[in-house]
Amino acid sequence: MADTSQKVMTFLMFSGQAEEAMNFYTSLFDNSEIRSIVRYGPGEAGAEGSVMQAAFTLKGQVLMCIDSNIKHDFTFTPAISLYVNCDTVEEIDGAFHRLSEGGYVLMPLGEYPFSRKFGWVADRFGVTWQLSLSGSESE
């Protein structure tokens with residue numbers, strides 16, 4: 001399961017796309033991997049093979065996710081987002097481009113008073129991301 005040394009973790013609830021989302025997210029950033037997946041089996045509450053619980057890392061930070069076995073009327077909201085400090089211009093440009101495919105841009109990638117390169121995007125799964133270029137990279 002998840003690394004219990006990290007006491008607070010982001011937990012994402014999907015409706016059948018948890019594994020696809022994890023694979024996509026871990027492909028975007030270095031030091032990212034799927035750590036564990038527990039799947040629903042035959043006769044269990046969720047669809048067989050869907051994600052009962054999973055843990056993955058993004059840039060070393062552990063997150064958890066599931067495929068909800070309960071239908072609900074809510075989804076992700078921009079009121080909460082994943083904030084990522086990107087190490088290079090290539091990383092922020094590539095992540096922003098890929099995350100915005102099938103999603104939508106909340107703030108275009110550009111210079112802002114609080115960051116020399118920043119963008120805010122909702123991905124195709126509805127998860128929102130704030131991407132900022134860290135202070136060590138020069139353009």
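Which residues lie nearest the centre of the largest pocket? Let me start there, with one caution about the model. This is a predicted model, in which local features need pLDDT of at least 70 and side-chain atom pairs count only at pLDDT 80 or more, while totals for chains, interfaces and linings use all residues. Residues are numbered from 1 along each chain as its sequence is written, and side-chain values use heavy atoms, with hydrogens and water left out.

The residues nearest the centre of that pocket are Leu12, Met13, Thr75, Phe76 and Thr77, and they belong to a lining of 19 residues. By a pocket I mean an open set of points, on a 1 Å grid over the protein atoms alone, where a 1.4 Å probe fits, with protein on both sides within 12 Å along at least five of seven lines, and a lining residue has an atom within 4 Å of a point. The space in this largest pocket is about 310 Å³, where a volume is the space filled by probe spheres set on the grid points, which are joined across faces, edges and corners. Strand β1, residues 10-14, gives the largest share of the lining, with 5 residues; strands (E, at least two residues) and helices (H or I, at least four) are DSSP runs numbered from the N terminus. Sorted by class, the lining holds 10 nonpolar residues, 9 polar ones and no charged ones, where Ala, Val, Leu, Ile, Met, Phe, Trp, Tyr, Cys and Pro count as nonpolar, Asp, Glu, Lys and Arg as charged, and the others, Gly among them, as polar.

Let me turn now to the core. In soluble globular proteins, nonpolar side chains tend to be buried together. Here the largest nonpolar core has 29 residues, and the members that touch the most others are Phe14, Tyr25, Phe29, Leu99, Trp129 and Leu131. Such a core is a set of buried Ala, Val, Leu, Ile, Met, Phe, Trp, Tyr and Cys residues joined through side-chain atoms within 4.5 Å, and buried means under 20% relative accessible area, exposed over 50%, and partly exposed in between, with a 1.4 Å probe and protein chains only. Helix α1 gives the most to this core, with 6 residues. Its buried residues are Ala18, Ala21, Met22, Phe24, Tyr25, Thr26 and Leu28, and what covers them includes β1, β2, β3, β4, α2 and β8. Asparagine 23, also in α1, counts as partly exposed because its relative accessibility is 41%.

The structure holds 0 disulfides, a disulfide being a pair of cysteine sulfur atoms within 2.5 Å.

Last, a few loop residues. Most residues other than glycine have a negative phi. Asparagine 31, in the loop between α1 and β2, has a positive phi near 55° and is exposed, with a relative accessible area of 58%. Lysine 59, in the loop between β3 and β4, also has a positive phi, of about 55°, but is partly exposed at 26%. Glycine 126, in the loop between β7 and β8, is 112 residues from phenylalanine 14 in sequence, yet their C-alpha atoms are 9.5 Å apart in space.

How values were computed
Contact = heavy atoms within 4.5 Å.
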